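Here's a quick briefing to read alongside the model. Keep the viewer open as you go through it.

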Amino acid sequence: MRSKENAVGAAVHGDEQVRVIDSGAPPERFARGWHCLGLVRDFKSGGPHQISAFGTELVVFTGEDGNVNVLNAFCPHMGGNLAHGQVKGNAIACPFHDWRWGGNGKCVDIPYARRVPPLARTRAWVTRQIAGQLFVWNDPQGSQPPAEVEIPGIPEYGADGWTDWTWHTLEVEGSHCREIVDNVVDMAHFFYVHYALPTYFKNHFEGHVASQVMHATPRPDALETSLDPTNIGAGTRSDASYFGPSYMIDKLWTGGRFEGGPNVYLINCHYPISSTSFKLQYGVIVKKPEGVSDAEGEEMAKMIADGQKIGFEQDIQIWKNKAPIDNPLLSEEDGPVYQLRRWYEQFYVDIEDVTPEMVNRFEFEIDTTRAVNSWNEEVSANLAAGRSPIRA
Amino acid sequence: MKPLNCDLCGQQVLVEKFSAVHTSIQWTNKTDNCPTIRAAGLGLGDPGRSCAALQNRIERAVLDSEILESTIELPSHADLPRLH
């Protein structure tokens with residue numbers, strides 16, 4: 001039966017009113033902001049690297065001077081792919097006709113030609129290197145990055161007693177990256193998808209930053225996904241913030257310790273490949289406990305990252321099979337999805353069209369009482385029955 | 001959401017309570033206007049970025065039944081946040 005939809009997203013089927021999903025359409029533009037492409041160490045090794053991002057192709061190459069540069073991959077001469085070329089000196093040489101492009105985007109040499117033609121300049125992306133990661137600035141309006149949206153450093157990165165990054169990437173096909181950003185407010189999915197039992201959950205958004213404060217315990221019926229395999233069952237405090245549209249720093253206090261500095265940093269970031277696919281990346285550094293060797297410390301970071309991997313892969317299974325939904329139906333125990341999306345919208349409009357509603361401070365603390373009671377019962381029943389919630 | 005003015009600086013925020021534990025606060029101005037947050041100098045995203053006077057004002061409003069528990073209201077078509 002054909003249904004007639006009314007203004008509140010409901011429709012009539014026979015005598016029944018039913019809710020109708022409004023899937024909207026994916027945006028044509030890509031978010032304004034800093035995007036992490038990966039680790040500097042990975043881009044420094046090997047030849048030029050090709051990155052599919054923002055609906056186009058980029059080349060990342062390291063010159064002999066050690067500078068890491070990001071250019072449009074396609075050569076403005078005849079469209080050759082620079083990522084298939086070679087680094088020569090401080091320039092990238094096109095495999096098609098050996099045109100040489102410097103890190104600033106200027107053509108520095110055409111070995112077979114008398115002179116470089118006018119306007120021989122390709123797009124050089126503005127980059128930053130922060131805490132071992134490489135960032136590029138995307139702005140559909142072509143502006144330079146404002147100082148107030150710079151990505152903050154991680155003081156513990158490279159400090160004594162901390163590991164280097166354990167880093168993973170996953171490609172997500174068929175979903176807009178708003179799906180992963182929604183996780184910021186989605187308290188309940190942490191239980192069902194990430195096997196954490198949130199006991200405290202609060203969001204605050206302001207300016208270009210969206211944050212989540214969560215206290216959680218690992219689900220006793222799914223301990224293999226625990227954040228801290230050395231201290232199973234203890235609670236975790238997590239302070240996580242998106243700085244801009246795509247880069248989240250999650251500070252974690254594991255093992256039931258809620259004070260002092262964090263002992264784990266988890267990065268959760270992505271960049272769009274197209275309007276319906278994105279590259280998800282996550283990385284972990286860990287403070288090595290006293291008396292733990294470097295190798296054991298790296299092993300801890302790896303175990304934590306592996307635990308995260310299970311959760312992210314399950315996120316992807318959900319996204320792959322779900323509908324985009326612009327009008328989610330929410331309960332009082334859900335997080336502020338609409339307010340988060342209002343915040344997120346600021347990155348998809350021209351900077352002069354950013355409204356106070358998108359950036360004014362907003363705070364939301366969820367009442368987890370009912371959820372925690374219900375989940376504890378579910379966990380107890382699983383344990384009694386010897387059942388695991390982890391999908392094979 | 002119920003408008004409330006902070007005792008300390010007089011700024012207005014909008015407050016909503018779904019339950020005793022739940023609170024939702026929508027600021028209607030920049031937090032630069034809040035002397036407490038400005039003085040603390042904590043960056044965006046810092047969980048300590050809050051104002052005790054405002055918290056007290058909200059708690060009092062709850063005790064005085066100025067703010068009653070409400071249920072969630074969802075935006076519809078024209079008000080939905082969109083990316084296109």
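This is a predicted model: local features need pLDDT of at least 70, side-chain atom pairs count only at pLDDT 80 or more; totals for chains, interfaces and linings use all residues.

Residues are numbered from 1 along each chain as its sequence is written, chains are lettered from A and ligands numbered from 1 in the order in which they are written, and side-chain values use heavy atoms, with hydrogens and water left out.

**Confidence**

- The model comes with an ipTM of 0.97 and a pTM of 0.94.
- Within chain B, strand 3 (residues 23-27) has the highest confidence at 97, and helix 1 (residues 35-40) the lowest, at a mean of 94. Helices (H or I, at least four residues) and strands (E, at least two) are DSSP runs, numbered from the N terminus.

**Salt bridges**

- Asp164(A) pairs with Arg41(A), with 3.1 Å between the closest N and O atoms. Asp164(A) sits in the loop between strand 12 (133-138) and strand 13 (166-173) of chain A, and Arg41(A) in helix 1 (residues 40-44) of chain A, so this bridge ties together parts that are 123 residues apart in sequence.
- How much of that pair is accessible? Asp164(A) is partly exposed at 31% relative accessible area, and Arg41(A) is partly exposed too, at 40%. For the cut-offs, buried means under 20% relative accessible area, exposed over 50%, and partly exposed in between (1.4 Å probe, protein chains only).
- Arg237(A) bridges to Asp239(A), the closest N and O atoms being 3.0 Å apart. Here Arg237(A) is buried at 17%, and Asp239(A) is buried at 10%.
- Arg361(A) and Glu363(A) also meet in a salt bridge, at 2.9 Å from N to O, and both of these residues are buried.
- Which residues join Arg361(A) and Glu363(A) in a network of salt bridges? They are Lys202(A), Glu206(A) and, from chain B, Arg49(B).

**Asn360(A) and its contacts**

- Asn360(A) lies in the loop between helix 6 (356-359) and strand 20 (362-366) of chain A, and counts as buried at 14% relative accessibility.
- Leaving out residues up to four places away in sequence, Asn360(A) touches Phe205(A) in its own chain, plus Gln26(B), Trp27(B), Thr28(B), Asn29(B) and Lys30(B). A contact means heavy atoms within 4.5 Å.
- C-alpha to C-alpha, Asn360(A) is 6.4 Å from Gly207(A), although the two are 153 residues apart in sequence.

**Positive phi angles**

- Most residues other than glycine have a negative phi, which makes the next two worth a look.
- Ala131(A) has a positive phi near 50°. Ala131(A) is in the loop between strand 11 (127-130) and strand 12 of chain A, and is buried at 16% relative accessibility.
- Tyr195(A) has a positive phi of about 60°. Tyr195(A) is in the loop between helix 3 (187-192) and strand 14 (196-206) of chain A, and is buried, with a relative accessible area of 2%.

Key. pLDDT is the predictor's confidence in each residue, from 0 to 100. A salt bridge is a side-chain nitrogen of Lys or Arg within 4 Å of a carboxyl oxygen of Asp or Glu.
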